[in-house]
Amino acid sequence: MNFDYAQLFSAAIPETVVVITAFLALLVDFIFLRNLPARTRTSLLATVTAVGCLSAIAWMGVSHSTYRLDDAIFVVNPMTQLVKQIILALTIFTAFISVQTNFTRHLGEYFILLLLASAGMMFLVSAENILAIFLALELLSLSLYVLTAFNKQSVFSAEAALKYFLFGGMSAAFTLFGLSLIYGVTGEMNLTAIAAKLAGKTTDPLFYVALVMTVIGFGFKVAAAPFHMWAPDAYQGSPTPVTSFIAAGSKVASFFILAKILFTGFAGAEGDAGWHHYISGWTPVLAILAALSVIIGNLAAISQKSVKRLLAYSAIAHGGYALLGILTADQKGFASLIYYVTTYALTVIGAFGVVAVVENYGGDKLSDFAGLSRRAPILSACMMVFMLSLAGIPPLAGFFGKFYVFTSAIQLGAKSLGLLWLVILAIAMSAVSLYYYLQVLKQIYVVDASDKTTVSVALPTQFVIVALAIAVVVLGCVPNLLVGKILAALSLG
Amino acid sequence: MDLAFIIIAVLTLASAVAAMSLRNLVHCALCMVMTFAGIALTFLQLNAEFVGLAQLLVYVGAVAILIVFAILLTRSEDAKKEVRFVSSSTVVGFGVVALVAVSLLAAIQHTQILPPQSVVAPHVSVKRIGEQLMTNYVLPLEVIGLLLTAAMIGAVVIAMREPDPADSVDVQQRNGSPLKLDPDSKKTAVVANE
Amino acid sequence: MKPVGLEHYLVVSGLLFCLGLWGVIVRRNLLIIYMSLELMLNAANLALVAFSRFNNKLDGQVMVFFVITVAAAEVAVGLALIVALYRKKQSAHVEDLTTMKS
């Protein structure tokens, strides 16, 4: 029995670094920081987090190894490393946004859970095996449930966490049952072997049930309609930095793994989304989810009074657009998906960062944003960038993301006209979405403030928000910065 | 068909039905324990001794007791709130469950792709599982360690009683009170001197 | 009579899964909903062990071992959440999870 532990360890160094940083954060907080004021404490812990994550990112940038543990439990290739780097960057941003808020005394515990959730995402990204996917997903989800409940003063927080937990548990049960059926019909755990065993047998009813159950499970996870019920409450009730983490990091990781399962594991079981030739497979199922998400998300967002809730519904809609990227089921579609989710994540973290600041002066109602442009001009400018990017206005990253997803879907549709109806629907609905994003901006720039005090922002938070706004503009003007990297990683992996 | 299988299956399903439909929470929990035990027995029947015993220890032992504790901790006049009438959620629930059940059972009935069933059970000893856990599955084992750590820290933080802001003011006053008393005690000391 | 085969175990597992789903959708008490979720996970475990036995493979059982551990961790977090909510609202019912609907 020879097992190369050293090789596994060297492949898993980034994860190890993140986990060690997590425990270090708890330790440092316990030993040195207990008596400092909350804001200093958070800043120092966020710095520890940033140092750890940055060194993991740097390590992944330097070492270009590929690795594949037996049965594909842990796979390292340029693509997984790129996605992990993105996730770690999102973690750092979340950590610095936390400086602004003051929702808990248990800061060490907060940061260890944040980092463990990131580690869960990293393992998830590297998993190509049913068991590993399930475990990593659970590590991520459990940490997020707890983080959601972290604001002990607020009833909302406890309620949101419980809802998130119950729906998450349901999602886990569906995923597990679906995956266990797939294990049963193939006798394999790793996605490549599953695809090989399934070749040519994809019209079997039991396989179709397994497929639908797995997709339902992930539908809950990425909050695709009609499995989105938990999302508005969970987004509104969580402490704002946690909301941004759920909306950004967790979404990147979940979409990546969903795409991987569908592309690798169920390869050859795509079917067709056209109305006329209905072939069983995952494309029609996903097409329905995407259409419902885009419609329900955008329409429900219009009537929201709370900005966090509004962003939650907009997240559901954006999930729908991202599903469109998965539907194209080819390399270009995959690249467009990664670009889309990444830019969305950057934008939404920034937007929630602004919400976190404004929340300190009242709440997250639309009316609390009234006259923000006079009280905090820089912050308002950043918020404008984020909102316009979410709406998909041209020079910004959100526009290019949508453009990329839609064109790759249309190019595919040109062959069969299958996805064209969905693209048209998505474009129409993103025109609708402009309305509610402009509502937020109207409050900020047009409506007069009732409260005229200038808003003070913690320096690290301000820095991160401005950096994110710049990133959104730059990635929109020069999308090749990211797209080039994704395509290069794809061609290498 | 094997008589033992029929008895265990019927018992498991019946207690699951009871757990889902009884009104008294403690009865539900006890029926649930029966179901868990039935599942553990089915595992044993399938030659999965290790997993069967783990199921017995974890579910019948730990989980059931935790649930009963939680029931006792959160018990109020709960029973009367669980109103029983045909509400919209019952109808929806019935529809969804019927759909899932029919498609699942039909799929099991009509499937062609189940691999040929092997007559011999896999040779599973605790030693082999242990070897697997320490070699191939060593990384998932580490991940599960992290998961348990996260769950433990999380459960402690969530369930810990948080001092209310109002309470902490109380504490400050109480801490302050010896200082306030000090002049008095000095006075008394002075009085005593006089 | 036919010997007990994989289908029979799958039918039991499928029925247990549906019962759990029924409990999640219809029952109103959080603890019962929670137990129903556990039942759904157990149904999946049963399917895994049956597949492992009839495919003559070990990894299904290893996976069940992991799932049981995950479920135990979920119990800890889930019950802590229910207790924390009960402290705030003196209730363990789904109807009372509606503070945020504005």
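Let's start with chain A. Chain A has 20 helices and two strands. Keep in mind that this is a predicted model. The overall scores are ipTM 0.94 and pTM 0.91.

Next, the dimensions of chain A. Its C-alpha atoms fill a box of roughly 65 × 55 × 40 Å along the principal axes.

Now burial. Of the 493 residues in chain A, 66% are buried. Then contacts. Take the contacts in chain A with a separation of 6 or more. Residues 24 or more positions apart account for 79% of them.

Let me pick out one helix, α9 of chain A. It runs over residues 205-221, which makes 17 residues. From first C-alpha to last, α9(A) reaches 25 Å. Is α9(A) mostly covered or mostly open? Mostly covered: 15 of its 17 residues are buried. After the helix comes Ala223(A). Its phi is positive, near 55°.

Ile424(A) has 13 C-beta neighbours inside 10 Å, so it counts as partly exposed. Buried would take 20 or more. Now pair Ile424(A) with Ala322(A). They sit 102 residues apart along the chain, and their C-alpha atoms are separated by 15 Å.

The second stop is Gly362(A). Where is it? In the loop between α14 (331-359) and α15 (372-375) of chain A. Gly362(A) also counts as partly exposed, because it has 13 C-beta neighbours inside 10 Å.

On to chain C. How many helices and strands are there in chain C? Three helices and zero strands. Read along the sequence, the pattern is α-α-α. On confidence, chain C averages a pLDDT of 87, and 94% of the residues score at least 70.

What about the dimensions of chain C? The C-alpha box is roughly 55 × 25 × 20 Å along the principal axes. A compact globule of 102 residues would have a radius of gyration near 13 Å, but chain C has 17 Å. Buried residues make up 68% of the 102 residues in chain C. For contacts in chain C between residues at least 6 apart in sequence, 48% join residues at least 24 apart.

Now the interfaces. Begin with chains C and B. Here 62 residues of chain C are in contact with 71 residues of chain B. Which elements of chain C give two or more residues to that side? They are α1 (6-26), α2 (30-54) and α3 (59-89). The largest share comes from α3(C), with 20 residues. By class, the chain C side that touches chain B divides into 42 nonpolar, 14 polar and six charged residues.

Then chains A and C. There, 32 residues of chain A are in contact with 33 residues of chain C. The elements of chain A that give two or more residues to that side are α6 (130-148), α7 (155-186) and α10 (230-237). Which one gives the largest share? That is α7(A), with 18 residues. The chain A side that touches chain C has 20 nonpolar, seven polar and five charged residues.

Last, one residue in chain B. Thr149(B) is found in helix α6, residues 138-159. Is Thr149(B) buried or exposed? It counts as buried, because it has 20 C-beta neighbours inside 10 Å. The cut-off for buried is 20 or more. Compare its position with Arg128(B), 21 residues away along the chain: the two C-alpha atoms are separated by 26 Å.

That's the tour. Questions are welcome.

Notes:
Residues numbered from 1 in each chain as written. Chains lettered and ligands numbered in written order. Predicted model: local features only at pLDDT ≥ 70, side-chain atom pairs only at ≥ 80, totals over all residues. Helix = DSSP H or I, 4+ residues; strand = E, 2+ residues; numbered from the N terminus. Expected span 1.5 Å × (residues − 1). Buried ≥ 20, exposed ≤ 12 C-beta atoms within 10 Å, placed from the backbone. Contact = placed C-beta atoms within 7 Å. Nonpolar A, V, L, I, M, F, W, Y, C, P; charged D, E, K, R; others polar. pLDDT = per-residue confidence, 0-100. Rg over C-alpha atoms; globule rule 2.2 N^0.38 Å.
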